[in-house]
Every structure is written in structure tokens, then in C-alpha cells.
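Let's take a walk through this structure together. Have a look at the sequence and the model first, and then we'll start with the rings.

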Amino acid sequence: MWQLKLQARWNKAPEFLELKDAKEILDAYPKIDTKFINDLKNYAKTASNYVIESAIMELRTPKGLSVQPDNWLLVLGTDADNRPYQILIEKEKAGYMISAFGPLDFVNFVTETGKSAIGPILALLASPKKMRILLVYVSYQTKPAWKPEELPTTKNPFLHWVQDQKALPNVNGQWFPAFAPLCPVCNNPLVGLEQYQVGFGQLTCPRCGYKKNK
């Protein structure tokens, strides 16, 4: 398990988080398009329910190795149905890579659905109208992206979320977004959605084997 120590400015004490290693679930660390990260950053400037916060204090790999948090992002989200999402992302020279997932319900969904889940999930997270709240945590040493006095006029949905935030719920029901791309042969969801590319090589249908080059 990946272990994180977080200190957001609205929490009096640090919080600790454990995430499941992506390679254990998917046999790979998915590479994702830089556009996804850029979209989240832009929405943090324009959408009232998206926030970037300097909060990652410590980061440990599944092998217990301490890693500097400078090149890491933690995406935390709750969609309109209050389903929680946690995705740990590493910034590399060539782009970004998903390293871990949480919480348990979301991990189970990704495990059951496989690689075809990643593209639609990224598109969901980058849809302000479909998300209740989305946080992007960056290194604790990074200059904060917003000032506390700015919140009352620009981030009301976020303020409400902070006030009633409690333990993440266990949610029943379908996690997979209904707008996933479909295989032209058997209508099964394909990897990838809209303009977000997931680095598994080809877009592949897990049911019939149809393949589409990126």
C-alpha cells in the first residue's frame, strides 16, 4: 500500500491515507494525457467546486521507501452521487502516470472492471457538472493556489463540503459512467474517452478483442 501524510489548511491535524498500488490491480501503471491535469488546473480557477491545495507532506511506496512529494499529485473527488475517488499521480518527464487508487470501494470497482475503466473515470473527474467536489493535493512545500479570503466569494460548494465532510461512505450501485465509448463490434466499453489518452498501447475491447490504434 502507498502511504500518504496530508496537511490541508482546513484540518487542524494531519490525516493519513493508504492507497492500493495500481500495478497490483492493472498489471501496469497507466500513463495519462497531460491534458487531464491541465483541465483540472483550469477548473480550479474557474469552477467553484474544484480546488488545488498544498498538502502532501510525506509519501511512502508499497516497499516503505520515502519519496519526495514534489512530483506527485493526489486527486480526491466526490461525484454527484457521493461516490468517492482517490487517485495518486506521478509527474514524469514524458507526462503523468497513475500510481495508486482508493478508497476500497473504488479499488474494487477498478479491479473488477479493469483497464477499460480508466478513460471514463478521468473524463468524469474532469466534469465539474458531474462532480460534487474535486481536490488536487500537491506538495506541502508548493505555494498555495488560493488564499483563504478568496473562498467565500468563489468556492461556496467547496466550503459546504468542508463543513460536512465525514468518513467516506460505502456506496452501492454502478460506478461506471454511462457515457463510456463503445466497441463498434459488441458495444462493450473501450479504454479512453474524449481527449484523454490512457497509455496501455492500443484501445482494446475486453470482450471481443477489437483493437483500435491511438
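**Aromatic pairs and the rest of the chain**

Count up the aromatic pairs in this predicted model and you get five. Start with Trp2 and Trp72: their ring centres sit 5.2 Å apart and their planes meet at 50°, so this pair goes down as tilted. What makes it handy for finding your way around is that it links distant parts of the chain. Trp2 belongs to strand S1 (residues 2-6), while Trp72 belongs to strand S6 (residues 72-79), 70 residues apart. Are these two buried or exposed? Trp2 has a relative accessibility of 6%, so it counts as buried, and Trp72, at 5%, counts as buried too.

Next up are Tyr43 and Tyr50. Here the ring centres are 5.6 Å apart and the planes are at 65°, so the pair is edge-to-face. Tyr50 is buried, with a relative accessible area of 1%, whereas Tyr43 is partly exposed at 27%. There's also a cluster to look for: ring pairs tie together Tyr85, Phe101, Phe106 and Phe109.

Now zoom out to the whole chain. Its secondary structure is made up of six helices and 11 strands. The chain has 214 residues, and 48% of them count as buried. If you take the contacts between residues at least 6 apart in sequence, 64% of those join residues at least 24 apart.

Key:
Residues are numbered from 1 along each chain as its sequence is written. This is a predicted model: local features need pLDDT of at least 70, side-chain atom pairs count only at pLDDT 80 or more; totals for chains, interfaces and linings use all residues. Side-chain values use heavy atoms; hydrogens and water are left out. Helices (H or I, at least four residues) and strands (E, at least two) are DSSP runs, numbered from the N terminus. Buried means under 20% relative accessible area, exposed over 50%, partly exposed in between (1.4 Å probe, protein chains only). Contact means heavy atoms within 4.5 Å. Rings of Phe, Tyr and Trp (its six-membered ring) pair if their centres lie within 6.5 Å; planes under 30 degrees apart count as stacked, over 60 as edge-to-face and the rest as tilted.
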